[in-house]
Amino acid sequence: MRKTLLLFLLTVLVLTSHNLLAQVRNITGKVVGSDGSVLPGVTVVVKGGGQGTSTDSEGSYSLSVPANVNTLVYSFIGYDSKEVAIGGQSTINVTLAANTTGLDEVVVVGYGTQLRRELTGSVATISGADVAQRPVQSFEQAMQGKAPGVNITTPNGVLNNPPVVRIRGVNSISLSSSPLYVIDGIPTYSGDNSATNAPNNPLSNINPNDIESIEILKDAAAAAIYGSRAAGGVILVTTKRGKKGQSKVSLDSWAGWTKPFRLYDVLGAEDYMMIKNEAVRNLNANRVAVGAVGNNVEGFRPSYDADGGLVDTKWYDYIYRTGFSTSNSVNFSGGTEKTSFYASVGYTNQKGMLENNDFKRTSARVNVDHKVYKTFTVGARIGYSNNYNSAPNSGSLSGSAFGTAGLGRLPLVLPPNIPAYNADGSPATNGAGVGAGANVNPAAPASALAPGYYNPVVDLNYNYFTSESNQIQGSVYANWEVLKGLNVRTTYGIDNIGFEDKLFYTALAGDGFSTGGNATNYYRTNKRWSWQNTAQYDRSFGDHSVSLLVGGEQQQTDIQRWGAQRTQIADDFFNTYQGNFTNIAAAGNSQGFNYLVSYFGRLSYDFSKKYLLSFNARRDGYSAWGNEKWGNFYGGGLGYIVSEENFWKNSGLENAVSFLKFTGSYGEVGNSQGVGDFTTLSTYGSGLYGVNATLGYNNAGNRDLTWETSKKLDVGFSFGLLQDKLQGDFSYYRNTIDGLILAVPLSPSKGVPNNSIDANIGSMRNQGIEFNLKANIFQKQDFSWVVSGNFTTQRNEVLGLVTEGQRIGTATSGLETVNYTRVGGSVGEILAVPSLGVNPANGQRMVSILNADGTSRTTVQYNHLGGGWTTLDGQAARTPNQLTDGEYYGPVIPTWYGGIDNSLRFKQFDLNFFIQYSGGNYIYNGTKAGLHDQRFWNNNVDILDRWTPENTGGTWPRVVYGDNVSNGSALVISENVEKGDFARLRNVTLGYSLNPTLSSRVGIANARVYVQVQNAALITKYSGIDPEISTNGASNTGAGVDRNSVGQARTYTVGFNIGF
Amino acid sequence: MKILTKNTVTVALSALLLGAGVTSCDTDKLDPIPETSFSDQVVFNTPARIALQVNNLYAYVKSGSFLGGRYQIYSDVRADDFINRTSNAVTALQVWNHTLTETSSNDVISVWGAAYSAINQINVFLAGLEANTAKYVAPAFSADFATTTAVQYQAEARFLRALSYYSLLQLYARPYADGNGDKPGLPLRLQAETGAGGNDLARSTVAEVYTQILADLDFAEQNLPLTYASAVLNTTRAHRNTAIALKTRVYLTMGQYANVVTAANKIVPAAAPFTASSGVANTLNSSIVTVFASPQETTESILSFPFTAQNTPGTQNQLGFYYLPTSNPGGPTGGGEFYLNAEGIIANTTALSATDVRRTSFVITSGGNSYLAKYSGGTPYIDKAPVIRYPEVMLSLSEALFRTNGPTDARALALLNAVRTRSKGTAYDTFASTDDAVNAVLLERRIEFLGEGIRNIDIQRLNASIPGKGSIGAVAPSNPNYVWPIPATELQTNTLITRN
């Protein structure tokens, strides 16, 4: 690094000493924008290469040029470049026009770049600035609402939990619907890679400040170059590079405070005891009414602390906190004629709203490009990162919704009339569970209440769950311009991560109680190499421009994990794996290997910059498949830029419509993301029978399994109106996925492992429109206002499953099945028995069941242990059944969504507020079911409006102790199905930039301070904690379930950035 | 010219580079072999691998969801000797309070799934053993492998299949006594299933399933080894006496008392000491405490399923975890999922006296409730899960003798008293009627096998009501909840299946 700096300084010296040379002219001048503001940092170069400089903070420049130079080129990001003939001038002042359309921006596409103007495919771009300085862990969390066609959901508020990213809908059922992430050309890992309660998303290893731009490839014309991995779209991340002639040092820092938001109101101790004892009285009445003994005890009794005060525990206080976070990044960059570089280091330490939930990242990056000879360039992109994640058992990760330790759930169910700590300061426990306080189990004969849930302070004070990773992700390349326009390039990349995951459970209580304490360590390595070789030929002759790319790529991925679990702690002193325990058993071992070999090509052609054509193709061979390892994929696009036609320009239409392009594309891409490495093999696995080893049939393989195919159609247009003050694009898309891999269910009585066998059998379609608009409403020197927004609709329809009439259930954490996928519906719709509210006559929950004729319905009501299900006239009725009586509520994925971004600038102040919105979906609010359960669980305060003889209009049924049916815990009812529409003020930022004159006086190029609120406000009718919650994580068919997860936090940050 | 040459060279070089990069791919890598699992083509290649497969059959039957714990627990908690403490649907709440549905996952769906997984492992093994006979030749295999070892393995497999079907019948089908087995039983899967197709199979009748069970047990009895080399194998793998013992249970369940007598006579002598005269010397141990003390390998245990710290029953499956209290100063603790019903068998101080070892050693109190401490190992809960003990054969024989010969049968009385008195129970003198005698045996079984999964069998084989407890009412045989529902997962995939 020091060498590079030295080289750089030398180069600067050489450049500035040019004035000493003879036969040169000195040109000076000033560059301003069309609004008259000075433009610092504008690149001024001699046309044809050679000398260059950039403007200073006053917009002034001075450049010595040889006598034979005729033209200077002025360029600046966000402005149209301008060429000026020197002639005899020695002072050249230039005004650059703001390029509001971005039409001439360079867009990164697979294995290359293109001008946005010339694209025929659908590519959305998010600039690095949009994701930098946000209080997030990984960049894709900050992409919410920023791009049309890209739906991102934050499933919960646990730090570094991977967001659910869906590009143009859910594109698979049993494979992954997540996009392929490619960092500087090398595909990387995504999703939670941790084996513990602390999630670890490898994408958080990238410092968002290092990102130059993010491109999202959505349709076949754009994505087919990634062939079999493109079905869910492709996200290309490009990190920053040094720019020729610009030497910059930049410091970015922020600090933030994170708090919980919209927590439920639960009953305090007195109300809790009142409701539960009333429920016991009602139970006794029910028992007596059916001729049984009503001898249950009103066992919910006050506990008192040492001072005689009533114990009224606010469990939230032990679980949530205000977390303080900081982030600091330094980067420096620069470039000479031969070498450019970008280097950065970053450190962030974030504390979430949950106790013990921490995220730390230390990252470093070096990106270098060096011209060895005129036609030969080499370079490297190397990032190293260490991240450390720690989380309590939040009960919010996929699969953990019903844990008795989950911190999302505990403050909702735990009785408030028991203390968290005993008088001696130890946590109040009884066996594994929380202590009962003075509460008595109402069941006769009386004994202490047995809340099976855990005391959260045990988990928070003693247990830990961590995941730490070290990643090296990078590549080196060599590019040789063999002939003019012909570049051959070889790139070799590696992406290696090691994950060290640790967990510890105390023997005192909680999950470690039954094992006598438990320490488990896992180590996982993800190793990947990728070697890409391409040849690209670009040529223009006359009105024809051709660009041809051919290439090959190999990628090998090796994943191993091993670990062991130690149980029965020797002494409470120990809390690490290395401590002494009586037992040890292997845990979490796994091994995977896959290999992808590919050939690909792209032809782009345009005639006169008006008629555009592109064609991509790729042939992939993938090791995971059986008999058919190879697949061919392609995508083609056509474009027509009407506004380039002379008739358009001559007709005066150009004044109103300065740019208009029509595009259309079609292609077939594949999906292999998420398929098991060895899933097509029929295998036997080895286990144990007591002390003896075993060998048994453990996988029913299907050797015919192969790629899912996604047929993508896209038609649209983009436009610029009123000198591009208003510009946007519109497209209609349709993805039809054939050969969906589905686990064909086998009768459990067949006893085949997993009761299923995978086959390419289903089909599904996603379609919708995308609309993107950006308006420069006002653009003056002191004041500007830019509004941009996007809107997407999305309709998913399952076209075919294994058999006609099949419905695929997706269980939440293996216990409750709410989501069902069926032909004609959208994936994972909610199947719930229609609830008809509370019978005002008796306070019983009424639901509607299907009669034997299969069409008409009967209303039945439920009286817990007092007659059960009866018709309204009191006749015994059958028990309602979700599968028979349920109706579908769907879709569970938003049918419309988008974002609105407002940027205002007034003098040195800037204000940005960003609204994200989404809707059209249903949510199963299972948390609400739990919050009205009439076991010993605590309830939401709205239970006070239960039915009583005095309050016959109550919204909740008459409380009966032990009743878990009327509230929906034991039967999925429509009472707990809600609409998920919302608008969220995702981010508000107010900044102040130092006046350039002032800043140059103190020797800095630019300085800005800002304050920011993330998740500032939420408008929704959804009664749960957060309408974005996804308890089933990224499950394709299990979306829209809210079961005991923690919501999103609100974060306040202050920060600054300074550039030198 | 020079430039042209240079260009030609560069083009050639670059083409070479590109070509090398693209074509050097290693096609072997497209067919990777997993490092931790075997191809199905090689698992019958050596006698050692086949032996491992036999162990695997036992491992499946002893799944924590099946006979490794939950099956025994469910059979007990349905009745009235236990009270649910934790109201946890994951740990048998709905089995206890009779609110199971077709979609109840931890019981209705998982027991069915675990049992049929075991049955298919057995069927796949039997088919593979048959299909690979050509491999059973020297030097890899011993000369008598095909004629002796393989046949023994078949016998073990068929024994386990019989045990699995028998256990399933007790939960998912009406008792044999209800119509002499003419009610719907189970889909009788006897073919190896390894792929798609064949989902549909109707339920055979209860009687037909019993016929298959008895056929398997007959084969097992004829071909199982007489003994194994160690106590642990004699208690954890099936030998001839194991098949005979299970037969006595099957016949008793079918109400075929004469057959019970015939079968039991093969391993129970006419008079004390009650020790099997051939095969493993299964016997009534002098102390029931010893039988349940680690490692539970006395000759009284005819079959139990073993666990180790590396091979645990799995979370929330362990017998000890369900029945031990959460607080037990100086002793082992568990999850306290169920405590003993104060109005259940422990209320009967006549049959289970204050000094009875089965009370003094196996009943402990904690927090005002009584708990069963038969499985006292504590964490990691690796007490063996009992399947059948010698006293069960004795009591089955006793009951069958009373029923066939009347209340005065001396041998029946001796058998009953032998079991009773070894735990300091007061011996019975005489019985006034067959009913009294039989009821005494039934009561003794309830005491002796408390927590071992026998109770439900004893209630249902007589088509008697399941007694109520606390707020939970009794379940009459006419009640649909008397037997478990057929799981929704089966109903959705097997079009020929019928509901209970």
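Predicted model: local features only at pLDDT ≥ 70, side-chain atom pairs only at ≥ 80, totals over all residues.
**Stop 1: a nonpolar patch on chain A**

Start by selecting A:Trp257, A:Phe324, A:Phe906, A:Phe909, A:Leu990, A:Tyr992, A:Val1009, A:Val1011, A:Tyr1052, A:Val1054 and A:Phe1056, and show their side chains. Together they make a nonpolar patch on the surface, with about 940 Å² of accessible area. Now colour strand 54 (982-993), strand 55 (1006-1020) and strand 57 (1050-1059) of chain A, the elements that each give two or more residues to this patch. Which strand gives the most? Strand 57 of chain A does, with three residues. Zoom in on A:Val1054, which sits in strand 57. A:Val1054 counts as partly exposed because its relative accessibility is 36%.

**Stop 2**

Look next at strand 13 (residues 180-183) of chain A, which runs antiparallel to strand 14 and is joined to it by two bridges. To see how they line up, select A:Ile183 and find A:Ile186 of strand 14 opposite.

**Stop 3: two loops of chain A**

Select A:Gly510, in the loop between strand 27 (486-505) and strand 28 (518-541) of chain A. Is A:Gly510 buried or exposed? With a relative accessibility of 6%, A:Gly510 counts as buried. Setting aside neighbours within four places in sequence, its contacts are A:Ala432 and A:Tyr454. If you draw a C-alpha to C-alpha distance from A:Gly510 to A:Ala198, you will get 18 Å, for two residues 312 apart in sequence.

Then go to A:Asn754, in the loop between strand 38 (726-745) and strand 39 (756-779) of chain A. A:Asn754 counts as exposed, since its relative accessibility is 59%. Its phi is near 70°, a positive value in a residue other than glycine. For context, most residues other than glycine have a negative phi.

**Stop 4: helices of chain B**

Switch to chain B and pick helix 2 (residues 47-61). Its 15 residues reach 22 Å from first C-alpha to last, close to the 21 Å expected at 1.5 Å a residue. Its buried residues include B:Ile50, B:Leu57 and B:Tyr58. The cover over the buried residues of helix 2 comes from both chains: among the elements are strand 35 (683-689) and strand 36 (692-699) of chain A, and helix 5 (105-131) and helix 6 (145-172) of chain B.

Move on to helix 10 (residues 257-265) of chain B, where B:Tyr257, B:Val260, B:Val261, B:Ala263 and B:Ala264 are buried. They pack against helix 9 (240-254) and helix 14 (390-405) of chain B.

**Stop 5: neighbours in one loop**

Select B:Ser423, in the loop between helix 15 (410-421) and helix 16 (434-448) of chain B. B:Ser423 counts as buried at 1% relative accessibility, whereas B:Lys424 counts as exposed at 57%. Beyond its neighbours within four places in sequence, B:Ser423 touches B:Ile288, B:Thr355, B:Asp356, B:Val357 and B:Arg358. B:Lys424 has a positive phi of about 70°, although it is not a glycine.

**Stop 6: two cis peptide bonds**

Finish with backbone geometry. Most peptide bonds are trans. The bond from B:Ala138 to B:Pro139 is cis, with omega near 5°, and B:Pro139 lies in the loop between helix 5 and helix 6 of chain B. Another cis bond joins B:Thr379 and B:Pro380, with omega about 5°. Look for B:Pro380 in the loop between strand 8 (369-372) and strand 9 (385-389) of chain B.

Conventions. Residues numbered from 1 in each chain as written. Chains lettered and ligands numbered in written order. Heavy atoms only, no water. Patch = residues over 30% accessible without salt bridge, like charges linked within 9 Å, V, L, I, M, F, W, Y side chains within 5 Å. Areas by Shrake-Rupley, 256 points an atom, 1.4 Å probe, with all protein chains shown as cover. Salt bridge = Lys/Arg side-chain N within 4 Å of Asp/Glu carboxyl O. Helix = DSSP H or I, 4+ residues; strand = E, 2+ residues; numbered from the N terminus. Buried < 20%, exposed > 50% of the residue type's maximum accessible area, 1.4 Å probe, protein only. Pairing = 2+ DSSP bridges. Contact = heavy atoms within 4.5 Å. Expected span 1.5 Å × (residues − 1).
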